[in-house]
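Hi there,

Here is the structure I promised to pass on.

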Amino acid sequence: MLTKETILRIHNRLDKSKMVNESALDFALSSQRETKDWLQQLSYVIRAILIDHVFADGNKRVTLALTIGVLEDLKFGYNAQKLENNIVKILKENITNIRKIKKLIKDVIR
């Protein structure tokens with residue numbers, strides 16, 4: 001399960017902007033308790049960071065680093081370019097549906 005501390009640590013390594021939507025992150029993290037599906041848990045956090053703009057800057061970088069970290073921790077191979085493209089797609093198309101976000105992340109796993 002992802003924690004606020006882990007996400008803040010990643011953000012602080014990549015960017016020094018402040019958190020501007022803490023409640024969105026808190027909601028996403030609390031939603032993780034509703035399921036044991038790691039991909040759904042991650043999708044809630046991705047949606048919060050990208051769509052709800054948790055940080056003033058660096059949201060895409062944090063999402064990419066966080067997702068890579070989760071995939072590598074779980075020992076999954078992944079297509080890095082496709083992952084980056086799908087993260088941009090979620091943001092540009094304002095994808096809020098958790099099932100669609102899950103599918104986009106699942107599609108990068110080899």
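**Salt bridges and a helix pair**

Asp 37 is partly exposed, with a relative accessible area of 26%. Please keep in mind that this is a predicted model. The side chain of Asp 37 meets that of Lys 102 in a salt bridge, at 2.6 Å from N to O. Asp 37 sits in the loop between α2 and α3 while Lys 102 belongs to helix α6, so this pair ties together parts that are 65 residues apart in sequence.

Lys 102 also turns up among the neighbours of Ser 43. Leaving aside residues up to four places away in sequence, Ser 43 touches Ile 98, Ile 101 and Lys 102. Ser 43 is part of helix α3 (residues 38-51), and its relative accessible area is 0%, so it counts as buried.

**The other salt bridges**

The structure holds six salt bridges. One of them is between the side chains of Asp 26 and Lys 4, at 2.7 Å from N to O. It links distant parts of the chain, with Asp 26 in helix α2 (residues 22-31) and Lys 4 in helix α1 (residues 4-14), 22 residues apart. Which of these partners is buried? Lys 4 is, with a relative accessible area of 17%, whereas Asp 26 counts as partly exposed at 33%.

Lys 103 forms a salt bridge with Asp 107, and their closest N and O atoms are 3.2 Å apart. Here Lys 103 is exposed, with a relative accessible area of 52%, and Asp 107 is partly exposed at 34%. Salt bridges that share partners also join Lys 4, Glu 22 and Asp 26 into one network.

**How α5 and α6 pack**

Helix α5 (residues 80-92) packs with helix α6 (residues 98-106) at an angle of about 165°, and their axes are 9 Å apart. Angles over 145 degrees count as roughly antiparallel, and that makes α5 roughly antiparallel to α6. Their crossing is right-handed.

Which residues make the contact? From α5 come Leu 83, Asn 86, Lys 89 and Ile 90, and they meet Ile 101, Leu 104 and Ile 105 of α6. By class, this contact of α5 with α6 has five nonpolar residues, one polar and one charged.

Arg 99 is also in helix α6. Arg 99 is exposed, with a relative accessible area of 66%. The C-alpha atoms of Arg 99 and Arg 61 are separated by 22 Å, and the two residues are 38 apart along the chain.

Best wishes

Definitions and conventions. Residues are numbered from 1 along each chain as its sequence is written. This is a predicted model: local features need pLDDT of at least 70, side-chain atom pairs count only at pLDDT 80 or more; totals for chains, interfaces and linings use all residues. Side-chain values use heavy atoms; hydrogens and water are left out. Axes are lines fitted to C-alpha atoms, for helices over the stretch in contact, and angles run from 0 to 180 degrees between N-to-C directions. Helices (H or I, at least four residues) and strands (E, at least two) are DSSP runs, numbered from the N terminus. Angles under 35 degrees count as roughly parallel, over 145 as roughly antiparallel, 65 to 115 as roughly perpendicular and the rest as oblique. A crossing is left-handed if the near helix is turned anticlockwise from the far one by less than a right angle, and right-handed if clockwise. Contact means heavy atoms within 4.5 Å. Ala, Val, Leu, Ile, Met, Phe, Trp, Tyr, Cys and Pro count as nonpolar, Asp, Glu, Lys and Arg as charged, and the others, Gly among them, as polar. Buried means under 20% relative accessible area, exposed over 50%, partly exposed in between (1.4 Å probe, protein chains only). A salt bridge is a side-chain nitrogen of Lys or Arg within 4 Å of a carboxyl oxygen of Asp or Glu.
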